[in-house]
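Okay, thanks for having me, everyone. I'll walk you through a few spots in a structure today, so let's get it up on the screen.

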Amino acid sequence: MEQEVGESLIQLGNSDGSNSSSSDPVTRVRKLLFRRMLVGIKDGRFFLGTFHCLDKQGNIILQDTIEYRSTRRSSPCPMEQRCLGLVLIPSSCQNSCHVDCSVEEQLSLLKV
Amino acid sequence: MADKPVYEEASIDGQPPKLASIPASDTTVWADASPLLQAACAGLRDGELIHGDNFNLFAAMSALEIMDPKMDSGIVCTYYSIDEAIENGAAPIPISLDSTIDVRCTIDIMDHLLACEAAWHKGHSLAQTVFSCIYLLRLDRTAPHALLHSYCRIIRATCKAVVSVVSDARTHEEEDLFTMTYGLPLNGDGDDKCLSILNAVEETISRQLRACKATSSKRRLPEDLEPLQSNPNLEEGFCKALLCRLRFRKHFFHVLSCMKRPQGRGLESARKHIASCLTELESILKSADFLRSCFDESCEGDIDDKTTASGFEPIGFDAMLNSRLSAPTPPRAIKILSWKKAVEYFVKLLHDLDVICSYSLDPHLESLLRFVVQFQKSQPDLVARSHLQLLLVQDGKLYGRDPFFAVINKAAALPEATKNHDIQKNESFLQLGMLVMNLLKILCTNAAWQRRKLGKFLQDWRVIYVQLELAFRNEYGEVSSSSNDENTCMKIFQHILLWVEEQTYWIAFRFLILGFELELYSTGEYCMVYWYLYAVLIKLTEKTHLMMAVSHDNAKRKGKKKKDSPKDLARESRIPPAVLFLQCYICLAEGLSMMLAALRNEIPVFHSPSPFNTEHEKFVQHFELLQRACIPDHVSYPSYKESTTHARFSTLAMYNYFKDAQRIAKEVKSSFSNDPERLAELRKLEQ
């Protein structure tokens, strides 16, 4: 359902060109640089860092990354964290990707 | 817009519950960006990146790649955490309800820990080796299992002791992983009682051994003792196997404690414990046959590669569990030593420690230096070398007992009376003391590190020489009628200046020789190396001879009152054997150098210029550090070229070099009859 909402928002943004000066996804993603990004990977860990770089294959580089992992397979459970620095997360192991933004911004940024 | 509530719902429902526990902040939420990113990727051209102004491709290459086992130390394998592993039975207590299997598994754990310990000593991190043992990571859990508990306790105490020795010696700069113990439970409450706990367990097993032997010989023992395990046929073998392992641990711990005692007071006791350790290790090796044969199941794979004596895989080890504790640095894939190799390692370590313990703490610097050089020939590992260094340099004194000025005083052949002279408070003399201390420390490091440090060290020695010379000239530039005290000061300066020069050339000599040990010279470069050696040795011999002459003078002055026997007079006029020994080396070095030069000049095959550096450049590369320290003066590439371009086979003089060396060697042999090392060297020279 999230996917549909996301896609429809992009389409909305595309059709509603007059609302913004830059409507192509590349520019919009450029605006996300230096924002805090949370990437979930397939083995269950999460990486929280500053969005640093993206390439065509979808590999993401994060800066000042913190790794979160749960201490048990079943949830709820306490999370452990540690600092890693600069990390590269290949697209093949990515599960999810979230960006930290205010509720209002959520719409304008991800739509525009 | 209707989007707002839809979004909020989506963001709460769509997110997995775990995400909710990573809060964004008070005013922000996590918004799914994956569709947007996917669209952007589609829109990018090949090779195009989205990045900010601070992006640097070169720096980005250093990013840790997630899910790459070489770089990502946090990959979730079997278990998420140590506690989860324990809950899932990775380290059961007791290991098995069948006491026979329980005992065998315990022995496997002991053997694997020995192999891990050896791997750690060899230079890997503690977290990936010894502390890959889940039992060790949660030691309190093992309390109900007396055998395992006592063994883990003593392992922990031993590791802590070894870490502290290596940290104190600070030789760990060479092997940086050794002392990394972030977050590892090395400090335990009550570990000082680990020996008594171990003794109690040992006592029980000894009684069990006696009991089973008594049963087999049909004697009755008054005690009602429960046997170690359930199979009476295997009882004796298991008891013996356990006893030798426990005793080895006990004696090894004692060795470490004794050697730690200041001023070498514990060395003799340490030797006794070393001997016991070696005996127990032999028993441990012998127990392998029993352990392999006592079960019907045979283990697969090559027995020699196994980390246990029985060949079975040990229970309760997982190197990945605390890889996160070994800092965010990328994990290195390591291979734990095989059990046989581990035992061999400990045998060698104990032999090296024994050599250290049998050293007589000779106050003469010269013999000490020879001892250290000789010791290094057996290529001792880090732990042994750290122990040697701690023995030599303690509390800023030699052996913790002799202040360095007194040591220098003796080495420079000054009379005993001057060792407490106030001049030692002079800045330059204090620095000289530090230099000697550092020299000893450097000589205890591994060959590669040592050579690097020695090369740089030459500069320091040169500088101190210049400083001392300057101070000397400033104070005693004009030699007038001086008081007794000034006379002493002058003598101190003169002797020490001479001694500093001798030491500097000795260091240069070591520097060049280490190059051979480390195979740093290619065969084409041997000629120039030998030539340089020859030049350095000439200077060294000159200074040594001068020092001996000076010390002879002192002795003569002392012994003036006694009647000089004709033998004494004859001995004085001859060249001292130490100098002759060096002259042997000189002849050899010169001979080899000329021979190689002649080969190169006469037979074109030997002279193959390399496509990379010219000979001059190679000369500079090898000897730059020496040249910078002006060792020796007036030695340079042109003079090298000059001496070697005309070398020809026809020069009979060359054969004379080797003949001379042999002749001198024969003469010198007699004077060194009580010095076995020098005799061995001489024999090698003769060949």
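Let's begin with α12(B) and helix α14 (residues 382-392) of chain B: their axes come within 9 Å and cross at roughly 15°. Those axes are lines fitted to C-alpha atoms, for helices over the stretch in contact, and the angles run from 0 to 180 degrees between N-to-C directions. Helices here are DSSP runs of H or I with at least four residues, strands are runs of E with at least two, and both are numbered from the N terminus. So α12(B) is roughly parallel to α14(B); under 35 degrees counts as roughly parallel, over 145 as roughly antiparallel, 65 to 115 as roughly perpendicular, and the rest as oblique.

Quick word on the ground rules. This is a predicted model, where local features need pLDDT of at least 70 and side-chain atom pairs count only at pLDDT 80 or more, while totals for chains, interfaces and linings use all residues. Residues are numbered from 1 along each chain as its sequence is written, chains are lettered from A and ligands numbered from 1 in the order in which they are written, and side-chain values use heavy atoms, with hydrogens and water left out.

Back to our pair. Who touches whom? On the α12(B) side you've got Tyr345(B), Leu349(B), Asp352(B), Leu353(B) and Ile356(B), and from α14(B) come Val383(B), Ala384(B), His387(B), Leu388(B) and Leu391(B). Contact means heavy atoms within 4.5 Å. By class, that's eight nonpolar, one polar and one charged. For the classes, Ala, Val, Leu, Ile, Met, Phe, Trp, Tyr, Cys and Pro count as nonpolar, Asp, Glu, Lys and Arg as charged, and the others, Gly among them, as polar.

α12(B), residues 339-357, has another partner: helix α11 (residues 267-293) of chain B, packed at about 160° with the axes 10 Å apart. That makes the two roughly antiparallel, and the crossing is left-handed. The contact includes Leu281(B) from α11(B) and Phe346(B) from α12(B). In total it splits into 17 nonpolar, one polar and two charged residues.

Next up, helix α6 (residues 99-121) of chain B with helix α10 (residues 232-260) of chain B, at an angle of about 30° and with axes 11 Å apart. So α6(B) runs roughly parallel to α10(B), and this crossing is left-handed. Among the residues making the contact are Asp111(B) of α6(B) and Arg245(B) of α10(B). By class there are 11 nonpolar, one polar and five charged residues.

What do the side chains of Asp111(B) and Arg245(B) form together? A salt bridge, 2.8 Å from N to O. The two sit 134 residues apart in the chain. The rule is a side-chain nitrogen of Lys or Arg within 4 Å of a carboxyl oxygen of Asp or Glu, and it gives 24 salt bridges over all chains.

Now a sheet. Three strands of chain B form an open one, in the order β4-β5-β6, with antiparallel pairing; strands pair if DSSP finds at least two bridges between them. β4 (393-394) and β6 (402-403) each have a single partner strand, so one side of each is left without a neighbour in the sheet. Leu398(B) stands opposite Asp402(B) in β6(B).

Most residues other than glycine have a negative phi, and most peptide bonds are trans. But the bond from Ile93(B) to Pro94(B) is cis, with omega near -5°. And Asp64(A) has a positive phi, near 50°; you'll find Asp64(A) in strand β3 (residues 60-70) of chain A.

Technical notes
A crossing is left-handed if the near helix is turned anticlockwise from the far one by less than a right angle, and right-handed if clockwise.
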